Each structure stands twice: as structure tokens, then as C-alpha cells.
Amino acid sequence: MSEALTTETALEDKVATEAAPNPSQDRPRSLWSDAWRDLRRNPVFVVSGLLILLLLVIAAVPSLFTSVDPKFADLAHHYLKPPNYSHIGQADWFGYDGQGRSVYSRVLYGARASIIVGVCTTFGVAVLGALVGMFAGYYGGWLDSLLSRLTDVFFGVPLLLGAIVILNAFTHRTVWSVVVAMVLLGWTQIARVMRGSVITVKQQDFVQAARALGAGTGRILFRHILPNAVAPVIVVSTIALGGYIATEATLSYLGIGLPPSAVSWGNDISSGQTVIRTAPHVLFFPSAMLSITVLAFIMLGDAVRDALDPKLR
Amino acid sequence: MGRYVARRLLQMIPVFIGTTLLIFLMVYSLPGDPVRALWGDRPVDPVALNQLRHEYWFDRPVLLQYWHYISNVFTGNFGTSFVTGRKVTDVIGESFPVTLRLALVAFAIEIVIGLALGLLSGLNRGKIADKFVLGLTLLLISVPVFVLGYIFQTVFGNQLGWVTPTVQDSNDISQLILPGVVLGSLSFAYVARLSRTSIAENMRADYIRTAVAKGLPRRRVIGVHLLRNSLIPVVTFLGTDLGALMGGAIVTEGIFNVHGIGNELYRSINQSDNATVVGIVTVLVIIYLVTSLVVDLLYAALDPRIRYV
């Protein structure tokens with residue numbers, strides 16, 4: 001799929017190049033502003049965008065939505081089911097967990113870990129993958145062979161298994177160790193997409209023109225090739241973001257992601273699974289929030305792909 | 001063709017060595033001394049400690065250890081776990097068929113339901129069926145596997161009682177269906193979406209118009225002309241997915257109590273049973289490499305325009 005995607009965007013670039021009289025100024029505007037105009041009119045984008053905005057606000061300042069400390073435990077509330085109207089106004093809409101902590105408050109505070117892992121992993125993966133793919137695609141030859149084989153090697157390691165092994169090496173795990181483990185194993189797909197994209201872009205006339213005008217390799221790579229080759233990377237990254245959030249939750253659920261003391265959806269789901277029949281709300285609410293978050297990011301990715309990939313219009 | 005296969009096999013060697021070396025280095029850089037751990041809280045006997053270290057090659061440099069290990073693998077010897085004292089080949093031989101059965105059930109569900117949904121929505125683009133499939137697959141992609149596992153287990157296993165909530169006998173395929181659906185859910189959503197896109201694209205191709213204009217029956221147009229051409233991206237995905245299913249079974253096996261590779265792997269990582277971890281991952285890497293080779297060879301069967309040089 002990624003290969004096809006690459007050629008499509010390259011094709012569109014070519015069309016844009018031919019249409020625009022001054023390629024180096026007008027081409028980016030035509031591709032990106034076109035995409036932006038499409039996106040704004042797409043209800044899927046608007047809905048998922050607003051949802052993500054809300055999630056970002058929750059992740060940044062959860063205290064806006066609740067005044068209850070997610071770690072405050074009162075055993076009198078042990079597995080109290082929602083709704084419990086005696087305390088209304090406080091954060092007991094979603095009930096309480098086994099230690100009498102407010103599920104509502106934990107769900108809100110748990111957003112931060114997931115969002116940080118998702119966004120930072122995506123960013124790290126995109127940067128590392130795009131750099132490797134760009135150098136492999138631009139220079140070709142032995143560097144390409146070396147980097148491509150390296151990509152194959154890392155691609156062969158399953159993400160979840162590799163992350164488990166890497167995270168076992170950390171004695172004190174934080175959000176950042178999870179990010180590092182996932183970036184180390186996740187960059188291969190982006191590198192492949194970027195390599196294909198760069199190979200098609202580097203053969204185009206404006207690259208030759210830039211070189212003829214005396215532009216250095218660095219300038220050609222970062223000012224001419226990168227902006228024209230990065231669209232498929234953005235598409236793949238946005239779609240992958242939701243997947244990284246799910247992977248982090250899976251790792252925490254398996255007990256090798258975030259430490260048990262951290263407030264995160266994965267941890268709460270893991271502790272809720274044992275009481276699924278007696279107190280399903282402890283499992284339900286963090287799962288629902290996790291699913292909604294992943295859904296929002298995947299919808300955003302779908303919308304971005306539709307906008308940047310005009311073939312299916 | 002023969003030359004192509006030979007070249008592909010040669011290309012697999014560096015990838016195989018690189019991936020196994022990577023796993024080997026990652027596993028052996030884990031903190032803790034597994035030989036020392038055998039004594040637990042008891043005082044250590046230094047003579048026995050050193051002898052065991054020597055016996056299991058722990059006193060050699062790590063690259064030499066790797067060389068020793070990989071040359072043994074080629075003779076079919078995956079070493080012995082010093083945590084359980086069992087031969088790794090025995091552990092794999094016992095748990096591998098279980099996971100393979102589970103993965104194949106998931107794989108079959110994925111192909112049948114995924115392709116059916118893909119066809120349904122690809123042929124009815126923009127209609128209600130298409131929207132339904134898109135919504136359903138989006139939902140499946142966003143609900144993490146372990147959440148889906150618990151929901152299905154509770155609803156179908158405990159409340160409706162259609163299936164046993166956990167797998168008691170992995171030889172009984174009917175018990176593997178529910179875990180299979182859960183394991184394959186993400187992939188079948190991808191298969192449905194991939195085939196939908198591919199079919200919708202090919203519906204506009206010239207050869208489809210020709211086939212219709214020739215007056216061929218609809219079944220033949222779709223079954224032979226359309227499907228065969230649309231399958232290539234799906235086959236690419238399916239090929240890398242069988243290995244991913246077996247590796248990803250770690251969560252599903254935990255929820256449904258299936259004693260397969262995932263369970264074994266999870267146990268051995270937690271007990272720093274390095275020999276077993278490396279052994280299982282090596283097998284998974286071999287599966288991944290072989291399936292990607294098979295996929296490349298399948299291209300020619302699907303699309304005769306593809307020639308191997």
C-alpha cells in the first residue's frame with residue numbers, strides 16, 4: 001500500500017509542478033492548501049479534530065475537569081458503582097475502583113500518559129524513519145543497501161515482543177522508556193515509505209534545476225526533496241499514532257509498560273480485568289476512553305490520507 | 001524464476017543474521033545474572049557458578065556466544081534453558097503447534113470475513129453497506145485487542161454461554177474460534193479496508209470495462225478479472241501478517257488461557273530465560289522471512305505480468 005501511496009503523491013506533485021509557473025513557490029501551496037481546504041470541509045476531520053483538541057486539553061490540565069486527586073483512596077468507596085448520587089458534584093460519575101479511588105478522575109489524569117506516548121513516539125518514529133529513508137533514497141548505492149538491510153533487520157523484530165525485551169532492560173520505567181523502546185522498533189515502516197517517496201522525487205526536474213543553480217546537498221535535501229516527499233510519511237504517521245497509544249496500553253496491561261504507580265489507562269484496565277464481573281465499570285471507563293482516543297486519531301489519519309491522496313476522490 | 005529464488009534466499013541471510021543478533025544482544029543486555037539467580041537467597045558455590053557459566057558459554061564475549069548459538073541453531077539445537085532445565089526445542093515443539101493452530105484459525109477468519117466485507121463495500125462504494133463496513137472496521141481497529149478479548153469473553157463466554165470462556169483443549173478447533181476472532185480482529189479490519197480500496201480502484205480499470213462489454217457474466221468479471229487483480233496488496237499484507245499473528249498472540253493467549261508460544265515467551269521474558277526467548281523469536285523471524293518469500297513468489301501466480309529477473 002505504501003508503495004502505491006508514494007507514486008500517487010509523486011504523480012500529484014508532478015501535476016502540480018506542471019501547472020504552476022514557479023514550482024519552488026507555488027507547488028507546496030497547491031498541495032498543502034488544497035489538502036487543507038478539503039480537510040476543513042470533511043466532517044470526519046472536524047469531529048476527530050475537536051475530539052483530539054478536547055483530549056489534549058484534558059491531558060494538559062486535567063484539573064479543569066475534576067478537583068479529585070486520582071491517587072486519593074478512600075476504602076469506604078471500595079468498588080462503589082456509578083452513579084452514586086450522594087456525592088454528586090464530586091468525581092464519582094464513573095464509580096470507584098478497588099482502592100476507593102475515583103475512576104472518573106483516574107480516567108482524566110490517565111490521558112496524559114497515553115497522549116504523551118502517542119505523540120512523542122509518532123514524532124520520534126517520523127523523524128528517525130524519514131531521515132533514514134531520505135538518505136537511503138537520495139544517495140542510493142552502498143548506503144542504500146546498508147540502510148535498507150538495516151531496516152529489514154529491525155522490521156523483522158515484532159513490535160510488541162521487541163518492546164517487551166527492551167523495556168525489561170529498564171529497571172526504572174517511565175513514559176520516556178516506553179517511547180524510546182517503541183521508536184527504536186517502529187521507524188522501519190516510515191523509512192520504507194520515505195525511501196520510495198524520495199526516489200521518485202529526486203528524479204524530478206526541479207531537483208536538477210536546484211542543483212544546476214548551485215544548491216548544496218543539504219539545501220536540496222531539506223528545502224526541495226523533503227517538503228515534496230513528506231506527504232506519505234505524514235499520512236502513515238497519523239494513522240500509526242492511534243496504534244502506538246494502543247501498544248502502550250497493551251504494554252502497561254502486560255505489566256511491562258509504565259510502572260504500576262503511574263496513572264494510565266493501561267494500568268487501570270489491567271487492574272480492572274480481575275473484577276470484570278463484579279465491578280465492570282472499573283474496566284469499562286478506561287477502555288472506553290482508550291478506544292475513543294485511538295478512534296479519534298485513526299479517523300484523523302483517514303481524513304488526512306483522503307486529503308493528501310486524491311486518487312480515491 | 002530459479003535464479004530469483006536463489007537471490008532472494010541469499011538476501012535473507014544477512015537479514016536473518018542481523019535480526020537474530022539484534023534479539024540476542026537485546027536479551028543478553030538485560031540486567032541480572034541468570035546463573036547467579038539459580039541460587040536465589042542461598043550462598044553461592046563459586047566453583048559450580050563458574051563451571052555453569054563455562055558450560056553455558058557465559059564467560060565468553062557476547063559475539064562469540066552468538067556465533068556458538070547460531071551455529072548450533074543450524075544443526076537444530078536451540079540450546080537448553082537453565083531456568084527450567086528443558087531443551088528449547090522441546091518447549092517450542094510443545095507450544096508451537098498450539099499457537100500455529102490459533103494463528104491459522106485467526107488467519108482463516110481474517111481471509112474469509114475480511115475479503116467478504118472488502119468485496120461487499122468495494123462493490124457498493126458510498127452505499128449503506130460500504131458505510132457499515134467502514135464503521136465496523138474503524139471500531140475494530142480502535143478497540144485494543146485486550147479490551148476486545150474481555151468483552152467477547154464476558155459476552156459470548158459467560159453471559160450468552162455460546163462458547164467456553166477459556167480454552168481447555170487447544171486441539172478442539174471450536175474452542176479456538178473465539179480467541180481466533182479476537183486475535184484476527186485487527187488484521188481482518190485491515191484486510192477488509194485494503195481489499196475495499198483495491199477493488200474500488202480496479203473497478204474503474206479498462207480491462208473491467210472490456211470484460212463487461214464482452215458480455216461476460218458478472219460472477220466471472222468479479223471472481224476472475226477483478227478479484228485476481230485486486231488481491232496483490234491484500235496478499236502482501238497477509239504474508240507478513242501470519243508471523244505477526246503468532247507474535248501478537250501473547251495477549252490473546254493470556255486472556256483465553258491458551259498454552260502457546262505467547263504464554264511461553266511471556267513467562268521466559270519475566271524469568272530471564274534467555275535461551276527460550278531467543279529460540280522462540282528466532283523461529284518467529286524464520287517464519288516471517290519464509291512468508292515474505294512466499295508472498296513474492298505468489299505475485300507471479302496472481303499477476304502474470306510480473307516477471308522475475
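The legends below describe close-up views of a predicted model.

Conventions for all views. Residues are numbered from 1 along each chain as its sequence is written, and chains are lettered from A and ligands numbered from 1 in the order in which they are written. In this predicted model local features need pLDDT of at least 70 and side-chain atom pairs count only at pLDDT 80 or more, while totals for chains, interfaces and linings use all residues, and side-chain values use heavy atoms, with hydrogens and water left out.

**View 1. Chain B as a whole.** Chain B contains twelve helices and zero strands, where helices (H or I, at least four residues) and strands (E, at least two) are DSSP runs numbered from the N terminus. The C-alpha trace of chain B spans about 85 × 55 × 30 Å along its principal axes.

**View 2. The interface of chain B and chain A.** The contact, meaning heavy atoms within 4.5 Å, takes 41 residues from chain A and 37 residues from chain B. Between them the two chains bury about 3500 Å², 75% of it on carbon and sulfur atoms; buried area is the accessible area (1.4 Å probe) that two parts lose on being put together, summed over both. One salt bridge is found across this interface, a salt bridge being a side-chain nitrogen of Lys or Arg within 4 Å of a carboxyl oxygen of Asp or Glu. The side chains of A:Asp302 and B:Arg193 meet in a salt bridge, at 2.8 Å from N to O. Over all chains, the structure holds ten salt bridges.

**View 3. Helix H5 of chain A against helix H1 of chain B.** The axes of H5(A) (residues 141-155) and H1(B) (residues 2-28) come within 8 Å and cross at roughly 55°; axes are lines fitted to C-alpha atoms, for helices over the stretch in contact, and angles run from 0 to 180 degrees between N-to-C directions. H5(A) and H1(B) are therefore oblique to each other, given that angles under 35 degrees count as roughly parallel, over 145 as roughly antiparallel, 65 to 115 as roughly perpendicular and the rest as oblique. H5(A) passes H1(B) in a right-handed crossing (left-handed if the near helix is turned anticlockwise from the far one by less than a right angle, right-handed if clockwise). From H5(A), A:Arg149, A:Asp152, A:Val153 and A:Phe154 meet B:Pro14, B:Val15, B:Gly18, B:Thr19 and B:Leu22 of H1(B). The residues of this contact divide into five nonpolar, two polar and two charged, with Ala, Val, Leu, Ile, Met, Phe, Trp, Tyr, Cys and Pro counted as nonpolar, Asp, Glu, Lys and Arg as charged, and the others, Gly among them, as polar.

View 4. A:Arg149 forms a salt bridge with A:Asp152, and the closest N and O atoms are 3.2 Å apart. Because A:Arg149 and A:Asp152 are three residues apart in helix H5 of chain A, they are separated by about one helical turn.

**View 5. H4(A) against H5(A).** The axes of helix H4 (residues 103-139) of chain A and H5(A) come within 7 Å and cross at roughly 145°, and the crossing is left-handed. H4(A) contributes A:Val132, A:Phe135, A:Ala136 and A:Tyr139 to the contact, and H5(A) contributes A:Gly141, A:Leu143, A:Asp144, A:Leu147 and A:Thr151.
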